[in-house]
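Here is a short briefing on one protein model. Look over the sequence and the fold before reading on.

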Amino acid sequence: MIDQPTVRRPRTGASDLELFSLGWRRIQVLLRVRPPDAGFDPALVRIRHKATGAAVPLTGWEADEDCLTLRVNVMQGPDAEPLAPGRWELVVPGPRGGKGDPVRLVGDAVAAGQSAPMSFAVGLRGTLNVVASVAARSGTFAIEVELDPTVAEPDEDATPIPGAVAKPGLIAQAVMQVRIAAFAVMFWCLRILARRNGRRILFSSDSRADLGGNLKLVHDRMVARGLDREFELLTL
């Protein structure tokens, strides 16, 4: 857990954060920063649309020694929708409240003027092109969002994408259904043998023998936070 003490704000209301890195983790922008003092509260930080003023809190943050990794999920904007097209800025409440003052990033990483572009398919809406960047001169962090309404139609004659999984045939589909049914029976039997006690957490996948993807990410994060000493983590 992260302590969230009362914020001690500078007179201007703005906060200067020392930037160490800027990058992505799947659909989240990651900012690894060092706060100006122990009183900085990331719970008050907002990502705000410059044109409309719509704002949402950070998706979350992680403590790492004396640093924080701030996370912004570009698919979780206002009303749980992807961030709307336009410019989004990082702000904190001013000394008198209001819409908030921009967060200024400082440090050697800012001088490089870092930029991290990504693109995400959003169904029939098209493609969301996102660029998270830090201005070298001002130290301003912003997320520029652009929606390309063009929806790419699949080309059956095109060269297969490396690593892509082909559509399974009739036999493969039958085998898959048998595996799913067998997994459901095994899971039902284990529920009888190992009753719920509020302290047992089961990680399982019906598509692979070991943990991977989001399951592994959650499992490893719980172990890193020492929750395996409080709960019994099981894998199937």
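How many nonpolar, polar and charged residues are in the lining of the largest pocket? The lining has nine nonpolar, three polar and four charged residues. Ala, Val, Leu, Ile, Met, Phe, Trp, Tyr, Cys and Pro count as nonpolar, Asp, Glu, Lys and Arg as charged, and the others, Gly among them, as polar. This is a predicted model, in which local features need pLDDT of at least 70, side-chain atom pairs count only at pLDDT 80 or more, and totals for chains, interfaces and linings use all residues. Numbering runs from 1 along each chain as its sequence is written, and side-chain values use heavy atoms, with hydrogens and water left out.

**Overall make-up**
- The protein has three helices and 14 strands. Both are DSSP runs numbered from the N terminus: helices are H or I with at least four residues, strands E with at least two.
- Of the 236 residues, 30% are buried. Buried means under 20% relative accessible area, exposed over 50%, and partly exposed in between (1.4 Å probe, protein chains only).
- Among contacts with a separation of 6 or more, 60% join residues 24 or more positions apart. A contact means heavy atoms within 4.5 Å.

**Nonpolar core**
- The largest nonpolar core holds 36 residues. Such a core is a set of buried Ala, Val, Leu, Ile, Met, Phe, Trp, Tyr and Cys residues joined through side-chain atoms within 4.5 Å.
- V29, L31, L70, L90, L105, F141 and I143 have the most contacts inside this core.
- Elements that each supply at least two core residues include β1 (16-25), β2 (28-34), β7 (86-94), α1 (108-111) and β12 (141-148).
- Beyond four places in sequence, F141 touches residues including L22, V29, L31, I47, W88 and L105.

**Strand β9**
- V106 sits in β9 (residues 104-106). V106 is partly exposed, at 28% relative accessibility.
- Leaving out residues up to four places away in sequence, V106 touches D16, L17, E18 and L19.
- V106 and L19 are 87 residues apart in sequence, yet their C-alpha atoms are 5.9 Å apart.

**Largest pocket**
- The volume of the largest pocket is about 410 Å³. A pocket is found on a 1 Å grid over the protein atoms alone, as an open set of points where a 1.4 Å probe fits, with protein on both sides within 12 Å along at least five of seven lines. Lining residues have an atom within 4 Å of a point.
- Sixteen residues line the pocket, and L190, R191, A194, R200 and L202 lie nearest its centre.
- α2 (170-193), β13 (200-203) and β14 (232-235) give two or more residues each. The largest share, five residues, is from α2.

**Between α2 and β13**
- R199 lies in the loop between α2 and β13. Its relative accessible area is 45%, so R199 is partly exposed.
- R199 touches E230, F231 and E232, not counting residues up to four places away in sequence.
- R199 and L233 are 34 residues apart along the chain, with C-alpha atoms separated by 8.6 Å.

- Most residues other than glycine have a negative phi.
- D79 has a positive phi near 60°, and A80 has one of about 60°. The loop between β6 and β7 holds D79 and also A80.
- D79 is exposed, at 73% relative accessibility.
- The 12 residues of α3 (residues 213-224) should span 16 Å at 1.5 Å a residue, and the end C-alpha atoms, 17 Å apart, agree. The expected span is 1.5 Å times one less than the number of residues.
- After α3 comes G226, with a positive phi near 80°.

Terms used
Grid points are joined across faces, edges and corners, and a volume is the space filled by probe spheres set on the points.
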